Amino acid sequence: MTAAPPPSTGRELSNPPTDGISNLRFSNHSDHLLVSSWDKSVRLYDASANALRGEFMHGGAVLDCCFHDDSSGFSASADHTVRRLVFNYNREDILGRHDAPVRCIEYSYATGQVITGSWDKTLKCWDPRGASAQERSLVGTYAQPERVYSMSLVGNRLVVATAGRHVNVYDLRNMSQPEQRRESSLKYQTRCVRCYPNGTGYALSSVEGRVAMEFFDLSEAGQSKNYGTFATGGCDGYVNVWDGNNKKRLYQYAKYPTSVAALSFSRDGRLLAVASSYTYEEGDKPHEPDAIFVRSVNEVEVKPKPKMLPNPAT
Amino acid sequence: MSTAQSNLLSQMETTCGSLLHELQIIWDEVGESDVEKDRMLLELEQECLEVYRRKVDQANRCRAQLRQAIADAEAELAAICSAMGERPVHIRQSDQSTGSLKAELRAILPQIEEMRKRRSERKNQFIEVKKEIESIKNEIYSPGGYALNDTAVDENDLSLRYLEELNRELQALQKEKCERLQQVMEHLNYLCSCCSVLGLDFEQTASEIHPSLGESEGSKNISNDTIEKLRTAIQKLREVKMQRMQQLQDLASSLLELWNLMDTPVEEQQIFQKVTCNIAASEDEITEPDMLSADFINYVKAEVSRLEELKASKMKELVMKKKAELEDICRKTHLIPESNSSIDIAINAVESGAVDASCVLEQIELQISRVKEEALSRKDILEKVEKWMAACDEESWLEEYNRDDNRYNAGRGAHLTLKRAEKARALVNKLPSMVDTLTSKTSAWENENGVHFTYDGVRLLSMLEDYIVLRQEKELERKRQRDQKKLQGQLLTEHEALYGSKPSPMKNQSAKKGPRLSCGGAGASNRRLSLGGSMLQTPKPDMHPPTKATPNTRNAKKSERLNQDSLRDDGFAALSSGRRGLDLAGLPVQQHSLNLQFAREMESPMMRKPFSPISSTDSSRSNVTNILDDLNKKHNEMLHKTTLTSNNSTPFTTPSKMISMTDVENRTPQATPFPVPSTPSTVSIPMQMALTPAPKQTATTVPMQLANARKSVDEEIEYSFEERRAGFVVPRSRLVNAMQV
């Protein structure tokens, strides 16, 4: 009898954003958590100490944010700006602008560039070391077939998902044209794309609630033994951990009060930050308050299970 | 000297003088000589002296004896006194004593007497105490454990102090005895309760330790040995008790678990309430008699094993039920349970006890949920399959009915059959569209799920394909018949022209039959295609992105599937067409090619071209229309239908036309039936079909993209949640620009 204790939602962070959470990310070096929100702010938390370490106000809703290092980060705002945030001095400067709200932002450690995707159907690369003048920081602008909805990078590969179910795979060393042009294998609008940490491919989710697992190299699909498990969060308020290898769900955490807007594992995978925040999927309507939960991740929850019963037939 | 004695002496003196006088007289008479006389007198005097001496000696001896006696008495007195630890009562006053020896002796004797008495009393006391001590010691130390050497009383020490000592010892011993007795009683009490709880015979247990303990009355043995034995016995019983208690508590917990698991009725639980209420009791809390007896534990054990058996059987039942459920679901959804045999083996394993039933249950449950999920995804298609099958039944019924020459004979219930035929015809007309949508849905499903859609183990697409082929054959058969009839009709007309008469009923029949049969073929295709048309013509402005996406992708999937199919089933298609060719050996080549075309399900016309006997580019039209045209020239209605057919069939067959249509309507499926360039299947098409011109494809993809872009301008633009929330609207001018880029 292994009656598991009721899984808890984890510790709730105090001082959460006052409006929808657009994204949250753990730092690669500490348990610091960067959270962007529709309340026009980017907040920096110390997840292990449950303390708010900084707050940056923007001219519009912040749609995405990412860390540069532990002392600075970047944000993508609906006021078309891309900003650099310096935590220690509480300073922010505008790296550049798009022609429409900036939907997503990534920092590439491989190239030292900031990549932003916008609803103006372009991708822009920025050099954060450049001075505040845009012409000096902008590295390049790359047209996309549609409005950029989600981006993810691993190593030198960048996967861009846009409206119209387009997926472009770039090599950051040659951004002039996509390395691969693909169409989403899912039927509906792409919601999110995330690369596998081992760099063999990416997982892509649609508004319908499905997740597809794709590989950069088709030959790798066959020997797909080398990727681990991943977590998904949905508008149903559930966070599920999946074993993509066996197409099985490993674990379902307790239901969160409202839609799961964003998820992030800490650098060592011991913590999982969950943004429980209404994602506007059903328009403007009364909803639960926005909250950030940080829960510790048990190894058994994310480790692929061995086969329960050896199949007697084989 | 008393007077009597002196008197006696004086008398004696008198007698002696008188005797001497008498002797002198005698002697004087006798005349004894003086010498004699003197000798006689000496003799007499000597004898007399002797007598005196003897008496003095006697007296002297007597005095010595007396003195001895006194001394003895005094010594004895002193000894007794010293033995009794008392100061001598009588202080010897012999020095000052004035009394005679005899008086002295007389005085001392009663004292001795008294002292002796006292001594013997004291001695008795000692003996008594010692005896008691001994007896207690005997009781305490097991007999033989204590040597009987101290029983004799030491005559020399009869002092009170010693007695006191002995008394103290005795008291201590008595106390100890008391304590021991109490201890024994305590032990016995515990033993008794233990025995009652454990269901053992107390008296027997006690007697085994010591016979005296088993008796309810009488003194108990309190020896060290017994107490030790008692203690070990208790220890042993306690161990047994603990062990049994543990056992019982284990049993109780499994009982509770089983009750909980199986919702055992309370009445059944009530019997074992006293077992379960003790589940957390400590050792001394269990006091109820027979609570831990072997019988009782066996009883509970039996109950537990009964429940466990029940549980096992229930589990087995559950497993069987689940299996039945799984099979039921599979049957309902026309799935073939994938690993039925593995489940059977697992169930056998459960029955043999090799595998835990819950494990298997879980597995089956997993399978059920999987099957359910699959069933859910299949539901839509299955419903359509059911409808299709029902329609097929109706179709075959209708055929049967049509073959009946007397079907219009008015009889009982004829109107009902007529009605049914009416309905059946309507249904049959819908059949091709039904098959079409079913095919597209199925292929979409297969694309989405990556597996074949099977119906009772048979791939649904192949069933549909078979059906289409069968239908085609039937249609051709009908056409042939119609041709014949027409020929006959012509003959008849000629005949009529010659002879001016023709059998009207025959004519009537052929006229009737013609349209009806064609209705099955052309009409059906018309329906199907017009349905496709209506799909395309869905009003654009209020199209929701997902709903719109569905038909689009479906078409896309279909086309993909078609391509894949054409590849996958290429061998099969060729084979089956070959077979069909054999079957329909009598049919014209045209028909054969038509069959193949249907088997391929509208591939590129370029592929068909070489097989088609008609050299026209508009091959698809030619196949259908030409024949029909030939046949149905007379019927305007039919002609209309065929034109419709040709018109509508183009989107599926001729790419060029399709594009023109998009130009006109802008409502063509977004992903037009062109293979995705990267899909390997398309690459193999030119390999398989060497005649298919590869450039054609690339040529067609470009306008398609253009059409797509153009379409997306006019179409309602999809927006993400964030865009909607931010109120973001894609500006039109920029879009056009982007398109131009």
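Colleague: Which conventions apply before we start?
Modeller: Residues are numbered from 1 along each chain as its sequence is written, while chains are lettered from A and ligands numbered from 1 in the order in which they are written. Side-chain values use heavy atoms, leaving out hydrogens and water, and in this predicted model local features need pLDDT of at least 70, totals for chains, interfaces and linings use all residues, and side-chain atom pairs count only at pLDDT 80 or more.

Colleague: How many residues of strand β7 of chain A are buried?
Modeller: Strands are DSSP runs of E, at least two residues, and helices are runs of H or I, at least four, numbered from the N terminus. Buried means under 20% relative accessible area, exposed over 50%, and partly exposed in between, with a 1.4 Å probe and protein chains only. Ser72(A), Phe74(A) and Ala76(A) point one way, Gly73(A), Ser75(A) and Ser77(A) the other, and all are buried. The strand is therefore largely enclosed by the rest of the structure, with the buried count at 6 of the 6.

Colleague: Which residue in β7(A) is the bridge partner of Val62(A)?
Modeller: Two strands pair if DSSP finds at least two bridges between them. Strand β6 of chain A, residues 62–69, pairs with β7(A) in the antiparallel sense over 6 bridges, and a hairpin of 2 residues joins them. The partner of Val62(A) is Ser77(A).

Colleague: What stands opposite Gly73(A) in β8(A)?
Modeller: β7(A) and strand β8 of chain A, residues 81–86, run antiparallel and are joined by 5 bridges. Their hairpin has 3 residues between the strands, and His80(A) takes a positive phi near 75° there. Opposite Gly73(A) is Leu85(A).

Colleague: How many disulfides are there over all chains?
Modeller: A disulfide here is a pair of cysteine sulfur atoms within 2.5 Å. The sulfur of Cys66(A) is too far for a bond, because the closest cysteine sulfur, in Cys65(A), is 7.2 Å away. Cys192(A) is in no disulfide either, its nearest cysteine sulfur being that of Cys104(A) at 9.4 Å. Over all chains the count is 0.

Colleague: Where is the kink in α12(B) centred?
Modeller: Helix α12 of chain B, residues 357–403, spans only 59 Å between its end C-alpha atoms, whereas a straight helix of 47 residues would span 69 Å; the expected span is 1.5 Å times one less than the number of residues. The bend at a residue is the angle between axes fitted to the seven residues ending there and the seven starting there. The kink is about 55°, centred on Lys379(B).
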